[in-house]
Amino acid sequence: MGLTGLEIYKQLPKKNCGECGHPTCLAFAMSLANGKANLEACPYVSEEAREALDSAAAPPIAKIIVGRDENAYELGDETELFRHDRKFYHETAVALELKDTLSKEELENCLQKIKGLKFTRVGLEYKVQFIAVKNETDEVDVFAKTVEYVAGKTKLPLVLLSENPAAMEQALKIAGKDKPLIYAANEENFEKMTALAQENDCPLAVKAEGLGELAELVEKITKAGHKQLVLDPGSRSISRAIADFTQIRRLAIKKKFRPFGYPIISFCTETDPLAEINQAVAYISKYASIVVLKTLEKEHLLPLLTWRQNLYTDPQVPIRVEEKLNEIGEVNENSPVYVTTNFSLTYYSVEGEVGASRIPSYIISVDTDGLSVLTAYADGKFEADKIAKVIKKVGVEEKVKHRNIVIPGGVAVLKGKLEEESGWNVLVGPREASGIPSYAKSKFA
Amino acid sequence: MKLQVLKEKYRAKVQELVLGATKEEGGTRSCTVTVGGDSCLPFHHFEGEVPNRPVVAMEVTDIKPNWNPKLLKNFEDVFEKPGEWARKNVENFGADLIYLKFDGADPEGEDRSVEDCVETLQEVLQAVGVPLIVSGCGNEEKDNKLMEAIAEAASGENLLIGNAEQDNYKTITAACMVHKHSIIAKSPLDINICKQLNILISEMNLPLNKIVIDPSIGGLGYGIEYAYSIMERSRLGALQGDKMLSMPIICTVGYEAWRTKEANVSEDEFPEWGTQEERGVLWEAVTASAMLQAGAHILVMRHPKAVELTKRNIDQLMQPFSYE
């Protein structure tokens, strides 16, 4: 949605001086339009032109950073309404809420649980991003103490939930240096909250009841000079949230409506944790950049984080693993050898089941351009001569004494040809990865 | 400030399709179920009509299913009696429809005869008043024989019969035509094949409002995002007037969710994944809610708790909302 080269050209000095490294202003304008040059390179551009170009060239949704250094997390900077049009870029941050009514022991317990919320699946690590500390008591000191305790015990960035500027001020004295998200500026407190956000250089959430009120309040705050914002249109029911979030995203991307060019924060209201997860699925699917929820249980968060990862996967690129000889467990020269494709879902399903068989084994992941077994076979990317070459290439013949290799049951037809090409004895394994443990027990135990 | 919201105007709608037939309509169902008819993206009540809520069909198999014991225990008093199982799904767990799957017909398994399967169908039809979806064992030859017999035995009931696939659709389509049933057109996660199959079936003169699309979803964590985008694209296609993508969509949520490792492994094996029971329920419920966001109309499900969560989710998604 950026400007075209010609639109940019109109704003340039048209001196064709070449000092920017481009032969002409028009060439420079074309490079700018393609994102391959920076306006700073032009020493003669006027202030008005710079402002006009900056705002027109800015992304439709600003990138907002919460937290500092290695814990900084980027939100927003999205360009699409549908993931199939390109992709979604910055995964929704999951923020877990802790209230300042909790005792020290309770807080400690919760923080321990949060520490344990790291999941490894299909070679990826899933994590939660923020801790949201809520000023439920409305007491300034209690909030500050809670923030102090939490900040001392976690490296996760904080979201500070209080609409009381006095409480926010105290909390920021403790945690402000680590760039927490301030939640929230509303119609009454926005002047004080904006000042606090500016003093501490922190992102500020803007909360209003409805889209029109939200746009108005955002404009007041940006006029005061603060532009690190996050939006809350006050929607708390799923049906309205889908409508409001869709409008915010649409207006930002299709109309470049500036007040809505910021990430969205959403709050789950369901009290049953399972229903809360379902509510969060809707918010993550429909454009929320932060979702605040209360459950801290692994079995609740793993499905949610899995959905987030799925949604934000690049639709153009099949996720794949490297072509190599993988060692599962303490392998030796008698360990079984399996072969599969390098589509990561396929590979990790096989790896998980081979691991579950508790028999240390090798798995060869053949590069099939990230296609699954049957798709790769149909596409000529998982054939006997190729597999035979990979067997040689990965050096498995130096690692094991035997010459038995297990192929997926779905491509049993490869057996004869592969034996001929590789000189190995080919065993036909189960069709589904889930059959591997019992297969392995009967063959190799 | 009065803000000008941005409403999309679409030219067309998703087909509206009726499942089941009452006595007056030539069947024996106590009610019918209507799906589809949407004139906007999923649950965009602010700019279009969502006339019918998405529905949940609960699965019943003709033989004892090979399910996770924690899932199966919800049905332990009924899983050998498909009729009672179906009734329990409707009366206790709120199923809108019954999805009857003939796993027992598989020649490589129990190889139940066509006559026995038809008897099971009759048993289920008598046990419940809701409309039925029936699906075969996956063996083409056997399924063709079975579905011909089922279509005839339940003539006039307006079943939803599956699965027609690109290289095996004629027999089932013909059976649906003759005996006035609807058909599931199943394509392997591919929008072009999906469309092509709808064309082939409609060329045999089965009306468009008798076809349901099964895009072959993946389970959560296992390629569900491919289905998500195909469903979003096909809804956009339908709204822009592509008739061959305009059918309601069925998703086999329970089957896909419960064959994942994450739904099934115990906490002892994977302590970092938490308790199995709620993890399994959520694996199914999250698969369902993600598919609802992409435009699913019929969700085929298994666990009663996951069904309860999904129905609650649907209630909330169906709350009207407008900017007027």
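**Note on a predicted two-chain model**

1. A:Ala184 sits in strand 8 (residues 181-185) of chain A. The peptide bond between A:Tyr183 and A:Ala184 is cis, with omega about 5°.

2. Some ground rules. This is a predicted model, in which local features need pLDDT of at least 70 and side-chain atom pairs count only at pLDDT 80 or more, while totals for chains, interfaces and linings use all residues. Residues are numbered from 1 along each chain as its sequence is written, chains are lettered from A and ligands numbered from 1 in the order in which they are written, and side-chain values use heavy atoms, with hydrogens and water left out.

3. Chain A as a whole. Its secondary structure comes to 17 helices and 17 strands. The C-alpha trace of chain A spans about 75 × 70 × 35 Å along its principal axes. Of its 445 residues, 55% count as buried. Buried means under 20% relative accessible area, exposed over 50%, and partly exposed in between, with a 1.4 Å probe and protein chains only. In chain A, 64% of the contacts with a separation of 6 or more are between residues 24 or more positions apart. A contact means heavy atoms within 4.5 Å.

4. The nonpolar cores. A nonpolar core is a set of buried Ala, Val, Leu, Ile, Met, Phe, Trp, Tyr and Cys residues joined through side-chain atoms within 4.5 Å. The largest one has 203 residues, and A:Phe260, A:Ile290, A:Trp307, B:Met291 and B:Leu299 touch the most other members. Helix 10 (residues 276-294) of chain B gives the largest share of this core, 10 residues. Apart from this core lies another, of 25 residues, including A:Tyr362, A:Val373, A:Phe382 and A:Val400.

5. A:Phe260 deserves a look. Leaving out residues up to four places away in sequence, A:Phe260 touches several residues of chain A, among them A:Leu211, A:Leu231, A:Gln247 and A:Ile248. B:Leu3 is also one of the residues that A:Phe260 touches.

6. A:Arg250 lies in helix 9 (residues 238-254) of chain A. Is A:Arg250 buried or exposed? A:Arg250 counts as buried because its relative accessibility is 3%. With residues up to four places away in sequence set aside, its contacts include A:Leu81 and A:Lys255, and in chain B they include B:Glu8, B:Tyr10, B:His44, B:Phe46 and B:Glu47.

7. Rings of Phe, Tyr and Trp (its six-membered ring) pair if their centres lie within 6.5 Å; planes under 30 degrees apart count as stacked, over 60 as edge-to-face and the rest as tilted. Over all chains, the structure holds 17 aromatic pairs. B:Phe46 and B:Tyr323 form an edge-to-face pair, at 5.7 Å centre to centre and 65° between the planes. B:Phe46 is in the loop between strand 2 (33-36) and strand 3 (55-61) of chain B, and B:Tyr323 is in the segment after helix 11 (304-317) of chain B, so the pair ties together parts that are 277 residues apart in sequence. B:Phe46 is buried at 3% relative accessibility. B:Tyr323 is buried, with a relative accessible area of 17%. One aromatic cluster is formed by B:Trp67, B:Phe75, B:Trp85 and B:Phe93.

8. A helix pair in chain B. Two packed helices are described by the angle between their axes and the distance between the axes. Helix 4 (residues 140-153) and helix 5 (residues 170-179) of chain B pack at about 5°, with their axes 9 Å apart. The axes are lines fitted to C-alpha atoms, for helices over the stretch in contact, and angles run from 0 to 180 degrees between N-to-C directions. Helix 4 and helix 5 of chain B are therefore roughly parallel to each other. Under 35 degrees counts as roughly parallel, over 145 as roughly antiparallel, 65 to 115 as roughly perpendicular and the rest as oblique.

9. Backbone points in chain B. The peptide bond from B:Gly162 to B:Asn163 is cis, with omega near -5°. B:Asn163 is in strand 6 (residues 160-164) of chain B. B:Lys180, not a glycine, has a positive phi near 60°. B:Lys180 lies in the loop between helix 5 and strand 7 (182-186) of chain B, and counts as exposed at 57% relative accessibility. B:Leu189 also is not a glycine, yet its phi is positive, about 50°. B:Leu189 is in the loop between strand 7 and helix 6 (191-203) of chain B, and is partly exposed, with a relative accessible area of 31%.

How values were computed: Helix = DSSP H or I, 4+ residues; strand = E, 2+ residues; numbered from the N terminus.
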